[in-house]
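This report goes through a protein chain and its ligand.

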Amino acid sequence: MATDVPQHEKRKTARVGLTGGIASGKSTVADFFADLGVPVIDTDVIARDVVAKNRPALAEIAAAFGRALLARDGTLNRSMMREIVFADDKKRRQLEAILHPRIRDEAWRQVSESTSPYVIVVVPLLFQSPMKKEMDRILVVDCSVETQMRRLLMRDGETEEQARRMIAAQASREERLSLSDDIIVNEGSVEETRDRVSELHKCYLKMFA
Ligand code: ADP
């Protein structure tokens, strides 16, 4: 018999925001959660999708910043875009006004489709984003600046000066830690970090059951 009351109302999926400085180990941690079957929503991946060829955001960027930003094949010239916004704060905010609402909407759309008790939402610059207020929990991957530097030099072949500049452009370690609910100290071996992820996963399953 038909009824107005939903028979199997879906429980709300909790949002665990995962953040941390550059090269702190966010992707490493996210992969460990994924190995445990937890859906991972990565806002960097979404950010690339929203400016894909023929998407409305790309047309808006071309209208605001000039068609010279589009490569011959109609895709975004990312390095030119990066240079423009790095040098000019007003332009950076203008770009963010085009991108951020779309990234946020798409992230929450993906969460709404999930049937998992919780999902991991990776937001590298969470503390500069309004999304931080929309998380149920904030998990910070932490390591020392020296470790970040070492990993940046090794992973991306950055020079010491470039690495220092990239780290300085982000929220400080103290700022991130002050807003965290949970912390993964990623200074030891990757196996120790995997164990810590398993431990947190058990906590989150209980917390969000
Ligand atoms: P992020 O996503 O925060 O930028 P990554 O997860 O990509 O950081 O980690 C940065 C680099 O450091 C990668 O090359 C990764 O393999 C390495 N790495 C991460 N955690 C550890 C660890 N505990 N021990 C050694 N290397 C690590």
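An oxygen atom of the ligand lies 2.6 Å from an N or O atom in the side chain of Thr-28. The model is predicted: local features need pLDDT of at least 70, side-chain atom pairs count only at pLDDT 80 or more, and totals for chains, interfaces and linings use all residues. Residues are numbered from 1 along each chain as its sequence is written, and side-chain values use heavy atoms, with hydrogens and water left out.

**Ligand site**

The table lists polar contacts, that is, pairs of N or O atoms within 3.5 Å; within protein, one atom must be able to donate a hydrogen and the other to accept it, and residues adjacent in sequence count only if both atoms are side-chain atoms.

| Residue | Protein atom | Distance to a ligand oxygen |
|---|---|---|
| Thr-28 | side-chain N or O | 2.6 Å |
| Arg-155 | polar side-chain atom | 2.8 Å |
| Ala-23 | backbone N or O | 2.9 Å |

Taken alone, the ligand exposes 560 Å², and the protein buries 72% of that. Accessible areas come from the Shrake-Rupley method with a 1.4 Å probe; for residues, only the protein chains shown count as cover.

The shell around the ligand has 13 residues, with Lys-26, Ser-27, Thr-28, Arg-155 and Asn-186 coming nearest. By class, the shell has two nonpolar, eight polar and three charged residues. Nonpolar covers Ala, Val, Leu, Ile, Met, Phe, Trp, Tyr, Cys and Pro; charged covers Asp, Glu, Lys and Arg; the others, Gly among them, are polar. Helix 1 (26–35) and helix 6 (145–156) each supply at least two shell residues, and helix 1 gives the most, with three.

Asp-182 lies in strand 5 (residues 182–185). Its relative accessible area is 11%, so it counts as buried (under 20%; exposed is over 50%, partly exposed in between; 1.4 Å probe, protein chains only). Not counting residues up to four places away in sequence, Asp-182 touches Arg-137, Ile-138, Leu-139, Val-140, Leu-200 and Tyr-204; contact means heavy atoms within 4.5 Å.

Ser-129 is found in the loop between strand 3 (118–122) and strand 4 (137–142). Ser-129 is also buried, with a relative accessible area of 11%.

**Whole chain**

The chain has nine helices and five strands, taken as DSSP runs numbered from the N terminus (helices H or I, at least four residues; strands E, at least two). Of its 209 residues, 39% count as buried.

Methods. Near = heavy atom within 4 Å.
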